[in-house]
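Colleague: I would like a close look at one part of this model, the place where the two chains meet. Please take me through it step by step.

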There are 2 protein chains.
Amino acid sequence: MEILDPGAVDAALRGGAWERQGSEIVTTRRGADFADSLAFVNAVGALAEDMDHHPDVDIRWNVVTLRLSTHTSGGITRKDLDLARRIDSLSGSG
Amino acid sequence: MEILDPGAVDAALRGGAWERQGSEIVTTRRGADFADSLAFVNAVGALAEDMDHHPDVDIRWNVVTLRLSTHTSGGITRKDLDLARRIDSLSGSG
């Protein structure tokens, strides 16, 4: 897949819950507690399986950090932006 | 809870899947894929909820890293070792 240039990524992410950090895009979601985090991660996991594209996931009790990059392409692609948008549409995210 | 001294922690962990890193204990579990990782994290989450004690969790596709510390005590306590042992008893871990 084509790697997007940083300016295009920033434009696509503007005003949303994700930001570009180097060759990946990152979001942090603060929920109620660990169980709430895990429910969110399971919902993200279902989307990830559906797209066969998987974020790096960090759970720190009520805080979940997701990082997306297209490793096979070596950067950020349309696939990352698409999954980010689908994750944002989950109820309770952001 | 009482903070255990490093030697006691090392002795308790000897031969197992966890190691002490500073003021926490850490294990890494390599599974089949993202779905397998998520199933493992859900099993860990059930134990964590049961003990009201929650590890930091990192998922990198088929690799899960867990970190345990008793933040209210500022170090490693019996509670961390107990949860580590229960996690090790999960089928498919390690």
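What follows is a walk through that interface.

Modeller: Keep in mind that this is a predicted model. Start with the extent of the contact. Chain B puts in 15 residues, and chain A puts in 15 residues. Interface size is often quoted as the accessible area lost when the parts come together. Here, about 1,400 Å² is buried between chain B and chain A. Carbon and sulfur atoms give 58% of that area. On the chain B side, look at Phe34(B), Val57(B) and Arg60(B). They supply 33% of the area that chain B buries against chain A, more than any other three residues.

Four salt bridges cross the interface of chain B and chain A. One of them joins Asp56(B) to Arg60(A). Their closest N and O atoms are 3.6 Å apart. Between the two chains, seven residue pairs are in polar contact.

Which elements of chain B give two or more residues to the side that touches chain A? They are helix 2 (34–51) and strand 3 (56–60). Helix 2 of chain B has the largest share, with seven residues. Sorted by class, this side of chain B holds eight nonpolar, three polar and four charged residues.

Finish with the strands. Strand 3 of chain A, residues 56–60, pairs with strand 3 of chain B. The pairing is antiparallel and runs over three bridges. Within it, Ile59(A) stands opposite Val57(B).

How values were computed: Residues numbered from 1 in each chain as written. Chains lettered and ligands numbered in written order. Predicted model: local features only at pLDDT ≥ 70, side-chain atom pairs only at ≥ 80, totals over all residues. Heavy atoms only, no water. Contact = heavy atoms within 4.5 Å. Buried area = accessible area lost by both parts, 1.4 Å probe. Salt bridge = Lys/Arg side-chain N within 4 Å of Asp/Glu carboxyl O. Polar contact = N/O pair within 3.5 Å; in protein donor to acceptor, adjacent residues only side chain to side chain. Helix = DSSP H or I, 4+ residues; strand = E, 2+ residues; numbered from the N terminus. Nonpolar A, V, L, I, M, F, W, Y, C, P; charged D, E, K, R; others polar. Pairing = 2+ DSSP bridges.
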